[in-house]
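Morning, everyone. I'd like to walk you through one chain today. Please have a look at it first.

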Amino acid sequence: MSALEAILRRTSWSKVTADAPTREQLLPLIEAAGRVADHSSLHPWRLIELRGDDRLTLGAAIAETNGDSEPSAKPLRAELLIAVVVSYRASEKVPRWEQEASAAGVAHMLSLLLDEAGWGVIWRTGGYTRSEPVARVHGLGADERLLGWLYVGGKPEGRDPGRRKTIDADAVLSRMPGVAARG
């Protein structure tokens with residue numbers, strides 16, 4: 001399958017089975033995702049795998065953030081969550097937004113690679129991703145921010161993941177103003 005075919009086929013799986021890739025299966029995919037565009041090779045990101053009771057700890061942190069008395073069940077929607085963290089590096093050449101873009105690129109590349117390997121994936125976020133309780137349970141440093149989690153599991157049999165609408169590429173691709181008139 002070509003990269004174009006894999007990308008056109010990709011969709012988010014809001015519901016996944018209890019199956020999940022092993023750490024050993026993840027490592028080569030993460031290595032490949034790490035080839036994302038990265039100005040100055042700062043590697044301004046890291047990933048945290050959450051399995052088992054880690055998900056309960058996250059559920060309690062979400063509840064603390066929201067002022068709820070019961071832990072959130074959201075982290076239990078998949079057996080494996082991969083937290084995507086931007087780890088800002090000091091750089092005169094690479095601004096923080098570009099470092100966030102690199103970390104987001106890793107998350108997207110990893111989701112494509114997981115999909116191609118047969119896993120269902122959805123990137124989930126929420127207002128609590130930047131909360132102190134959630135940062136604390138992830139062990140984030142002062143110069144780190146959570147971008148969300150990849151929820152990973154098996155693709156349910158006989159279940160259509162849904163279709164993403166194809167964009168009108170011509171509508172979103174333009175020339176620089178004034179260039180077309182000169183050309």
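Of the 183 residues in this protein chain, 39% count as buried. Keep in mind that this is a predicted model. The accessible surface comes to about 11,000 Å². Carbon and sulfur atoms hold 53% of that surface. Along its principal axes, the C-alpha trace spans about 65 × 50 × 35 Å.

Now the layout. There are seven helices and four strands. Read along the sequence, the pattern is α-α-β-α-β-α-β-α-β-α-α. Take the contacts with a separation of 6 or more: 80% of them join residues 24 or more positions apart.

Which residues touch the most other members of the largest nonpolar core? They are I82, L110, L114, L150 and V152, out of 20 residues in that core. Two or more residues come from each of α2, β2, α4, β3 and β4. Helix α4 gives the largest share, five residues.

Leaving out residues up to four places away in sequence, I82 touches L26, L47, I48, L110, L114, G148, W149, L150 and V152.

L26 is on that list. L26 lies in helix α2. Why does L26 count as buried? Its relative accessibility is 3%, and the cut-off for buried is under 20%. Beyond four places in sequence, L26 touches P21, E49, R51, L80, I82 and L114. L26 and L110 are 84 residues apart along the chain, yet their C-alpha atoms are separated by 9.2 Å.

Next, helix α4, residues 96–116. Its 21 residues should span 30 Å at 1.5 Å a residue. The end C-alpha atoms are 30 Å apart, so the two agree. Buried residues in α4 are Q99, S102, A103, G105, V106, A107, L110, S111, L112, L114 and D115. What do they pack against? The partners are α1, α2, β1, β2, β3 and β4. After α4 comes G118, with a positive phi near 100°.

Helix α3 covers residues 53–66. It has 14 residues and reaches 20 Å from first C-alpha to last, close to the 20 Å expected. The buried residues here are R55, L58, G59, A61, I62 and A63. They pack against β1, β2, α5 and β4. G67 follows α3, and its phi is positive too, near 75°.

Now charge. Side chains of opposite charge can pair when their charged atoms come close. How many salt bridges does the structure hold? Eight. I'll pick out a few.

E49 and R23 meet at 2.3 Å, N to O. E49 is in strand β1 and R23 in helix α2, so this pair ties together parts 26 residues apart in sequence. E49 is partly exposed, at 24% relative accessible area. R23 is partly exposed as well, at 47%.

Then R46 and E144, which meet at 2.7 Å, N to O. R46 sits in strand β1 and E144 in strand β4, so the link joins parts 98 residues apart in sequence. R46 counts as partly exposed, at 28%. E144 counts as buried, at 12%.

R136 and E132 make a local pair. Their closest N and O atoms are 2.7 Å apart. The two residues are four apart in helix α5, so about one helical turn separates them. R136 is partly exposed at 42%, and E132 is partly exposed at 49%.

There is also a network. Salt bridges link R9, D115 and K155. D115 is one of the buried residues of α4.

Last item: D38. Where is D38 found? In the loop between α2 and β1. D38 is buried, yet has no salt bridge. The nearest side chain of opposite charge is R89, 8.0 Å away. What does D38 contact, then, beyond its neighbours within four places in sequence? H43, P44 and S102. S102 is among the buried residues of α4.

That's the tour. Back to the picture for discussion.

Definitions and conventions: Residues are numbered from 1 along each chain as its sequence is written. This is a predicted model: local features need pLDDT of at least 70, side-chain atom pairs count only at pLDDT 80 or more; totals for chains, interfaces and linings use all residues. Side-chain values use heavy atoms; hydrogens and water are left out. Buried means under 20% relative accessible area, exposed over 50%, partly exposed in between (1.4 Å probe, protein chains only). Lys and Arg count as positive and Asp and Glu as negative; His and the chain ends are not counted. A salt bridge is a side-chain nitrogen of Lys or Arg within 4 Å of a carboxyl oxygen of Asp or Glu. Contact means heavy atoms within 4.5 Å. The expected span of a helix is 1.5 Å times one less than its number of residues. A nonpolar core is a set of buried Ala, Val, Leu, Ile, Met, Phe, Trp, Tyr and Cys residues joined through side-chain atoms within 4.5 Å. Accessible areas come from the Shrake-Rupley method with a 1.4 Å probe; for residues, only the protein chains shown count as cover.
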